[in-house]
Amino acid sequence: MSESTAASQRLAFFQNQLQSAPCAAEEPKIKTTMESMTEERQKATFDVRDLTYFLDGGEKFTKIREKFMMELERDPTFRMYDMYDVTKDQIRERTMEKFRTIVHYVSAEPVPIFTMRMQTISLIDPGFWTRFGVHYGLFFGALRGSATSAQFSHWVSKGALALNGMVGCFAMTELGHGSNVAGLETTATFDEASDQFIIHTPTITATKWWIGGAAHTATHTVVFAQLIVRGKRYGTKSFVVQLRDTHTYGLMPGVNIGDIGKKMGRDGIDNGWIQFTNVRIPRTNMLMKHTKVSRAGEVKEPPMAQLTYGALIQGRVAMVVDSGNIAKKAVTIAGRYAAVRRQFSSNPHDVQETKLIDYAIHQYRLMPLLAQAYAFHFTGVETNKLYDDLMDTLESTQPDDETMGEVIDTLKETHATSAGLKAFCTWSTLNAIEACRQTLGGHGYSAYTGLATTYNDFAVHCTWEGDNTILTLQSGRYLVSCYREALAGKSQPEGVSYLNHLDSLLNLGCGVKTNEEILSFDVIQEAWGVVTANVVKKAGDDFEVSLKAGMSPEAAYEECSQARLAAAKIHSYGYIFRRFAQAVKSAPEKLQPVLTKLCLLYGLYSIEQNAGFFLQYRYFTPSQMDYVRSQVNIFCREVRQEYIPLIDAFNYSDYMINSPLGVYDGNIYEKYFDQVKRQNPVGGEHPYLPLIQSLLRRDIEDDEPLEDDDEDDE
């Protein structure tokens, strides 16, 4: 072999090795958190913007919300990045600074637009939202709902609308009474000689408590007190009482006020206590739209006492809406973190650790919460619409109208439905926030990641505007009443329409020929109808048994309280699923596939969580329940593929989220570290250095030296 031939062969050998060997550039690349987030967004099978428009009710409203977010982010009084480190006094001062900005919009924007602005603010600063809402939602709302037209005009002229000359609060709750409004102890005794009411706190338990805005802000309040005329009590009514001089801000004679102190959350609200000692107010300060007291001391009660329920519904509806909005925020933070956080490896051949969102158990933790957030959103939209329609009807209906009976039935249904949904949605959202916080692992304990504070701020929803257990019992009581009416042949309204078909529903089983047919809105809706009808029947039958045993109706309702709780809970599950399914059917066709997956996941997961009822009443067989469980896991995997696009559709800016772990671009670690360093700068003066120095430099008496344990035994 010639030298040239050998050289050629060697060259060919090396060329072949270079071609067959993998190049360094072809090795799997380690993806950054931002690249991981981009990867997730590329999986969308739908237009995210189109889904945002659908959720917001149209492109017009999306642009309005984006305008609000931009204005708030640019307003220095609404700076939020450092809110996790401010003191109670600092946060209250900032909350008051925001009043001037927002008051401008009260008169400049139509009510529906201003309501949208406040809903946006509730996600950013719930403490301010509540403090501002105490005046407009509660104080001004009480005037609008309970004052005569002349009284309403009077208080508007005094500045109640413009927040000019007065700041209002709402004095309903007492130290000894909350949900039992009928049992409030504060009295309003009519003095015919002076044509005045005497507002008085007779006991310590009658002290008004938890009154938002009372401690430092409010000049006036609407007080709920027992009306007493000529020694006779007429129940709890509402009265306007001045608390402070509007010029000097000193307390009015007979008024004592204090601060109830630091709370679990929402420290931007100056909750206070109020005691009245024989405070006199003009007779016309009683809000007399419903009950009237004349100069001569004659009391005229409303012909339809149920009409006063309307004022109680608004706050509960608002909390159903807020539950959906806050749930969306929580799953956004947890979901974006899960999409870029890597932990361990599920595949030994991977060069990079596995995303949290790719673990089956993490999908099971998060995907149903995403589906629930969507369900609550659509339920909130529909419930708000029902309330608006009801209020319009009440405004145009007179007591002698032929349709008054139907109006009263609608009012009762809306009242009971809003009570049950308020409890169900706020309980579920609070649990969802905590579940999302725990998915952050150790970082979930940091205030900066947002969910700990969100939990503390949201927790109050479960006890104000009616304690959730009490409201659930009220809803259950309504269901028992509807059941008894259905047995008597009276047709029931749409919300409880399943009670119109008791004969066919109570013993109905799932009639599908194949398990795959279970994956249908109609089948799942029928399943909830059957189970709810049976659970309501159980509560109704328990009530009847107690009546036959000689109990009074009130005692009988108490005896079946657990059955009522179960009935209201199951009713809410079915109601929310129907609202979700209804929304999906009305969605643009190109959005229906992904929304259908979400809705089926919500329906199936809810069934799985309440499997005992579906087996007890034999709608599903055990093998069918096994299929439901398996499909929950499958839908979790399918929804996981588009989890990030689905939460992007909520359209919450990083400013709104206010969590470094929930940032849009996925750069969570740098954002988190930057915030920690900014809020806790390195190198500053040590706050308690002298204490540490005194500990380390203290004089210690010399002790006798220790004996050597290693001495040899003799």
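Why is the sulfur of Cys 599 too far from the closest cysteine sulfur for a bond? The legends below take up this point and then turn to helix packing and a loop residue in this predicted model.

View 1. A disulfide is a covalent bond between the sulfur atoms of two cysteines. The cysteine sulfur closest to that of Cys 599 belongs to Cys 636, and because the two lie 14 Å apart, they are too far from each other for a bond. A disulfide would need the pair of sulfur atoms within 2.5 Å. Cys 636 is likewise in no disulfide, its nearest cysteine sulfur being that of Cys 436, 13 Å away. Cys 599 has 0% relative accessibility and so counts as buried. Cys 636 is also buried, with a relative accessible area of 2%.

**View 2. Packing of helix α11 against helix α13.** Two packed helices are described by the angle between their axes and the distance between the axes. Helix α11 spans residues 404–439 and helix α13 spans residues 468–487; their axes are 8 Å apart, at an angle of about 140 degrees. This angle makes α11 oblique to α13. The crossing of α11 past α13 is left-handed. On the α11 side, the contact includes Lys 412, Glu 413, His 415, Ala 416 and Trp 427. The α13 side contributes residues including Asn 468, Leu 471, Gln 474 and Tyr 478. Sorted by class, the contact of α11 with α13 has 6 nonpolar, 8 polar and 3 charged residues.

**View 3. Packing of helix α13 against helix α15.** Helix α15 covers residues 521–548, and its axis comes within 9 Å of that of α13, crossing at roughly 85 degrees. The two helices are therefore roughly perpendicular. From α13, the residues in contact are Leu 479, Val 480, Tyr 483 and Arg 484. Among their partners in α15 are Val 536, Lys 537, Asp 541, Phe 543 and Leu 547. The contact of α13 with α15 is made up of 7 nonpolar, 1 polar and 4 charged residues.

**View 4. Asn 667 in the loop between α22 and α23.** The helices on either side of this loop are α22 (654–657) and α23 (668–679). Is Asn 667 buried or exposed? Asn 667 has a relative accessible area of 12%, so this residue is buried. Leaving aside residues up to four places away in sequence, Asn 667 touches Thr 33 and Met 34. Asn 667 and Ser 36 are 631 residues apart in sequence, while their C-alpha atoms are 9.8 Å apart in space.

Technical notes:
Residues numbered from 1 in each chain as written. Predicted model: local features only at pLDDT ≥ 70, side-chain atom pairs only at ≥ 80, totals over all residues. Heavy atoms only, no water. Buried < 20%, exposed > 50% of the residue type's maximum accessible area, 1.4 Å probe, protein only. Axes fitted to C-alpha atoms, helices over the stretch in contact; angles between N-to-C directions. Helix = DSSP H or I, 4+ residues; strand = E, 2+ residues; numbered from the N terminus. Parallel < 35°, antiparallel > 145°, perpendicular 65-115°, else oblique. Left-handed = near helix turned anticlockwise from the far one by under 90°. Contact = heavy atoms within 4.5 Å. Nonpolar A, V, L, I, M, F, W, Y, C, P; charged D, E, K, R; others polar.
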